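Please look over the sequence and the model below, first as a whole and then residue by residue.

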Amino acid sequence: MTVRPIVIHGEPVLHRRASEVQTIDAEIQALIKDMNETLDASNGVGLAAPQIGVGLRIFNWKYAETGDVPHRGVIINPRLRLIGKVSQEMPDPDHEAEGCLSAPGYSFPLKRSGHVEITGLDAAGHPVQFEATGWFARILQHEYDHLDGYLYVNRLTDRYAKQWKKVVKREGWSQAGNSWMPGKDPDPFGHDDEQGSAEVPSV
């Protein structure tokens, strides 16, 4: 198992749709192990394959409050369906802020559905299907967006989108070549435990 660098906004793989996994072979199993190792080292709650530079439709999670779903898991070739509607109200900056490992160190409020259903395959190729609510539903939506070439910052309201554009310019995140190494570089979100920040889980 290997901790891999996490690529940052501007890397092309983050901005295009990931490809379906055709065969769950030894190479895919090794990738999943690396993703799990990288997620642990990052102190995040979710990680999509494009975030480590691999354009495949795989993501994993590690989150304590998943209900009947295992607290750790991986899903291959997922399909996500919103059950709860996304409110058109302004997001609450105190309770609806997201962070992203591919936009390290920043967080912005974003409205999400509070209830989703997801289907796909587990690491052994067996079908999985479950529903999620609350923050777990948010994590799944965030990771699923990565597989379609979107970061959460692409969904921000105008007010926060303007702030994000200033971040991109200031950090130089409009082009490829930026990354950070979990476990070696300083934690960009200042997580104080292995679960990550209770206020803004990073995904």
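How far apart are the mean positions of the 21 positive and 28 negative charges of the protein chain? They are 8 Å apart, where Lys and Arg count as positive and Asp and Glu as negative, with His and the chain ends not counted, and where the place of a charge is taken as NZ of Lys, CZ of Arg, CG of Asp or CD of Glu. The model is a predicted one, in which local features need pLDDT of at least 70 and side-chain atom pairs count only at pLDDT 80 or more, while totals for chains, interfaces and linings use all residues. Residues are numbered from 1 along each chain as its sequence is written, and side-chain values use heavy atoms, with hydrogens and water left out.

The protein chain holds three helices and nine strands, these being DSSP runs numbered from the N terminus, with helices (H or I) of at least four residues and strands (E) of at least two. Along the sequence their order is β-α-β-β-β-β-β-β-β-α-α-β. The C-alpha atoms fill a box of roughly 45 × 35 × 30 Å along the principal axes.

Among contacts (heavy atoms within 4.5 Å) with a separation of 6 or more, 71% join residues 24 or more positions apart.

Asparagine 77 can be taken next. This residue lies in strand E4, which spans residues 72–82, and has a phi near 50°, a positive value in a residue other than glycine. Asparagine 77 counts as buried because its relative accessibility is 17%. Its side chain reaches the backbone nitrogen of valine 21 at 2.8 Å, and, leaving aside neighbours within four places in sequence, asparagine 77 is in contact with Glu20, Val21, Arg57, Thr119 and Gly120.

Asparagine 43 also has a positive phi, of about 65°, although it is not a glycine. Its place is in the loop between helix H1 (26–42) and strand E2 (46–48), and it counts as buried at 16% relative accessibility. Within helix H1 lies aspartate 34, which is buried with a relative accessible area of 10%. Beyond its neighbours within four places in sequence, aspartate 34 is in contact with Met1, Thr2 and Arg4.

Serine 102 belongs to the loop between strand E5 (97–99) and strand E6 (107–109), and its relative accessibility of 0% is why it counts as buried. The side chain of serine 102 reaches the backbone oxygen of valine 7 at 2.8 Å. Apart from neighbours within four places in sequence, the contacts of serine 102 include Ile6, Val7, Ile8 and Leu151. Serine 102 and leucine 47 are 55 residues apart in sequence, yet their C-alpha atoms are 9.5 Å apart in space.

Key
Buried < 20%, exposed > 50% of the residue type's maximum accessible area, 1.4 Å probe, protein only. Polar contact = N/O pair within 3.5 Å; in protein donor to acceptor, adjacent residues only side chain to side chain.
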